Amino acid sequence: MLTAVRMFLLHAVVNKVAPAWVLEQLYELGDDRDLPVEARGESGGMRYRLRARHRLQEPEAEVDRASDEEVVAMLRACRSARDRLIVLLLSRVGLRPGQVAGLHRCDVHLLMDPRSLGCDVEGAHLHVIRRQNVNGAWSKSRKSWVMPVDFLVVQAADQYAVERYELLGEGGSDFLLVNLFRPPFGSPVTTGAIGELCESLSGRAGLGRRVGPRMCRHAMASNAVDAGGTLDEVQALLGQKNPASPRPYLHPGRSRLRAAVDRVASPGLTEGEAR
């Protein structure tokens with residue numbers, strides 16, 4: 001919004017609709033020393049530029065992870081196989097709500113050998129694809145990637161497939177997750193509905209706080225590292241482009257922190273001296 005306002009006023013000054021002194025209130029003379037090296041050019045000399053005076057610094061709110069106990073409580077509070085699958089896709093697979101709501105049935109390959117589906121990826125997995133969806137759901141990541149899934153997700157998907165067939169038969173859209181219990185039946189669930197489900201399950205499970213989809217995603221990343229996963233593995237599993245992107249998702253548990261301290265050897269002390 002600040003950028004748009006500046007551009008409108010700059011256009012007004014250029015077209016003599018606003019006085020020139022307006023620019024002095026918007027910009028100050030600066031140099032390129034605060035720019036990244038890649039943006040300074042190849043000349044090597046200092047360059048001067050107009051620098052915006054007004055900038056909005058939005059603090060990045062920290063997101064806590066959902067504990068394993070909270071995820072289990074939410075699963076127990078689910079009243080349908082579909083809802084259990086949604087919770088697992090959030091907390092066990094680490095998908096964002098838009099990625100969950102945007103899954104199509106053709107994206108789900110749960111066979112150990114999916115070559116019969118025309119896919120050469122081994123093992124059960126999901127294809128996370130960014131596309132325009134009628135329910136407004138979309139993947140934040142521009143690239144498509146393959147996400148391996150474990151037996152819990154496969155089992156939940158099988159149970160949901162039976163539930164969906166019993167209620168809709170062969171009907172419904174090509175989306176994986178659709179409305180089963182309220183109209184319009186068979187239409188794809190929305191991103192907002194997934195957030196509402198997490199809020200409802202948090203209250204129904206008596207958690208004392210709202211465990212949202214992002215907290216479930218943080219739980220997946222933290223659990224992967226606690227199990228010995230590396231940052232590059234977490235980056236690939238979350239579908240992130242920047243190697244530094246997984247760091248905010250890591251919430252080391254107390255046991256892992258204790259183990260890290262215990263692994264550090266005492267500097268030159270024998271057991272008797274340490275006592």
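The sulfur of Cys198 lies 5.1 Å from the closest cysteine sulfur, that of Cys216, which is too far for a bond. A disulfide is taken as a pair of cysteine sulfur atoms within 2.5 Å, and by this rule the count is zero. Cys198 is buried, at 0% relative accessibility, whereas Cys106 is partly exposed, with a relative accessible area of 48%. Here, buried means under 20% relative accessible area, exposed over 50%, and partly exposed in between, with a 1.4 Å probe and protein chains only. The model is predicted: local features need pLDDT of at least 70, side-chain atom pairs count only at pLDDT 80 or more, and totals for chains, interfaces and linings use all residues. Residues are numbered from 1 along each chain as its sequence is written, and side-chain values use heavy atoms, with hydrogens and water left out.

A search of the whole structure gives nine salt bridges, a salt bridge being a side-chain nitrogen of Lys or Arg within 4 Å of a carboxyl oxygen of Asp or Glu. Helices (H or I, at least four residues) and strands (E, at least two) are DSSP runs numbered from the N terminus. Glu28 pairs with Arg53, the closest N and O atoms being 3.8 Å apart. Because Glu28 lies in strand 1 (residues 27-31) and Arg53 in the loop between strand 2 (48-52) and helix 3, this pair ties together parts that are 25 residues apart in sequence. Glu28 is partly exposed at 28%, as is Arg53 at 44%.

Asp107 and Arg131 form a salt bridge with an N to O distance of 2.9 Å. The pair links distant parts of the chain, 24 residues apart: Asp107 is in the loop between helix 5 (97-101) and strand 3, and Arg131 in the loop between strand 4 and strand 5. Asp107 is buried, with a relative accessible area of 2%, while Arg131 is partly exposed at 22%. A network of salt bridges links Asp64, Glu70 and Arg209.

The largest pocket has a volume of about 580 Å³. On a 1 Å grid over the protein atoms alone, a pocket is an open set of points where a 1.4 Å probe fits, with protein on both sides within 12 Å along at least five of seven lines; lining residues have an atom within 4 Å of a point. The volume is the space filled by probe spheres set on the points, which are joined across faces, edges and corners. Of the 26 lining residues, Leu88, Ser91, Arg92, Asp150 and Leu152 are the closest to the centre. Helix 6 gives the most to the lining, with five residues.

Two backbone features lie in loops. A cis peptide bond, with omega about -5°, joins Pro183 and Pro184; Pro184 is in the loop between helix 6 and helix 7 (191-204). Lys16, in the loop between helix 1 (2-14) and helix 2 (22-26), has a positive phi near 65°. Lys16 is exposed, with a relative accessible area of 74%.
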